[in-house]
Amino acid sequence: MDRYARWNALLEILTDSGRISVEDAAERLDVSQATIRRDFDQLAQQQMITRTRGGAVANGVSYDLPLRYKTAKHAPEKQRIGAAAAALVSPGMVVALNGGTTTTEVARALAVRPELTGGVDDAQLTVVTNALNIANELLVRSRMKIVVTGGVVRPQSFELVGPLGGNILRDVTLDIALLGVDALDVTLGAAAHHEGEAAMNSLMVARARRVVIIADSSKLGGHAFARICPIDRIDTLVTDFNATAETLAAFTAAGVKIVTA
């Protein structure tokens, strides 16, 4: 297990239990206590946990981990979901992508489809994004037309947020918005932990003919701070096979099409 995978695991444990000892963490992750002490010290320096004598306790920030710590979580599911979501895109579309690990997999799947890329003056696909990492993924791996919104960079997600980006989004028309979320609930709709990200995503929803939510099964039925859109604005949910039949049936009853990958 590499360092980021360990940190992700430790933060998940702390999110669930609130605290953990060095000894318990070392046993659960099958590493030495010295390694865990170094991990705790480095996470504490980044103000992601609070160090205690013999262990650590969670900080609130652990609920919204930086993107680089999330990449190992549910990775196979996210790759399958990304490919399934990318399959919904046709040549000539204008597509919105927000930030996140799952939408990064969507971007990678789009980049390897030769029918979606053209020359500089005849791009077969236009992608509008507020995520700097996704713009970079597509720029270096394809010849699509890339439109990046304005805004202030949020380091945790590499997303641009704030009113500067709203002017661009209000002036474009989107065929499809492919949005990763922190939580999706039949009653509460789609939501994000950060209000700035939710606001940008809401603008994408408002400008899109079709809204597709991309979420692995761990996000379904969950709650997050800021709502992106109500359930009746969502056309399709792309998720993984670990979602329960009961959960998927509730979304279907709410009028959401389901794609499992």
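## Helices and the model

Helices here are DSSP runs of H or I with at least four residues, strands are runs of E with at least two, and both are numbered from the N terminus. This is a predicted model, in which local features need pLDDT of at least 70 and side-chain atom pairs count only at pLDDT 80 or more, while totals for chains, interfaces and linings use all residues. Residues are numbered from 1 along each chain as its sequence is written, and side-chain values use heavy atoms, with hydrogens and water left out.

Let's begin with one pair of side chains. Side chains of opposite charge can pair when their charged atoms come close. Glu 105 and Arg 108 form a salt bridge, with their closest N and O atoms 3.1 Å apart. The term stands for a side-chain nitrogen of Lys or Arg within 4 Å of a carboxyl oxygen of Asp or Glu. Because Glu 105 and Arg 108 are three residues apart in helix α6, about one helical turn separates them. Across the whole structure, a search finds nine salt bridges.

## The neighbours of α6

Now look at how α6 packs. Helix α6 (residues 101-111) and helix α7 (residues 132-141) have axes 9 Å apart and an angle of about 15°; axes are lines fitted to C-alpha atoms, for helices over the stretch in contact, and angles run from 0 to 180 degrees between N-to-C directions. α6 is therefore roughly parallel to α7, a label for angles under 35 degrees, with over 145 counted as roughly antiparallel, 65 to 115 as roughly perpendicular and the rest as oblique. Residues making the contact (heavy atoms within 4.5 Å) include Thr 103 and Ala 107 of α6 and Ile 134 and Leu 138 of α7.

Helix α5 (residues 75-86) crosses α6 at roughly 55°, their axes coming within 7 Å. α5 and α6 are therefore oblique to each other. Among the residues in this contact are Ile 81 and Ala 85 of α5, and Glu 105 and Val 106 of α6.

## The start of the chain

UniProt, in an unreviewed entry, places the feature "domain: HTH deoR-type" at residues 3-58; such annotations may be inferred rather than shown by experiment, and feature names are shortened, with positions in the numbering used here. This span is 64% helix and 20% strand, and its end C-alpha atoms lie 18 Å apart.

Helix α2 (residues 22-29) and helix α3 (residues 33-45) cross at roughly 110°, and their axes come within 9 Å. α2 and α3 are therefore roughly perpendicular to each other. Their contact includes Ala 26 and Leu 29 of α2 with Ile 36 and Phe 40 of α3.
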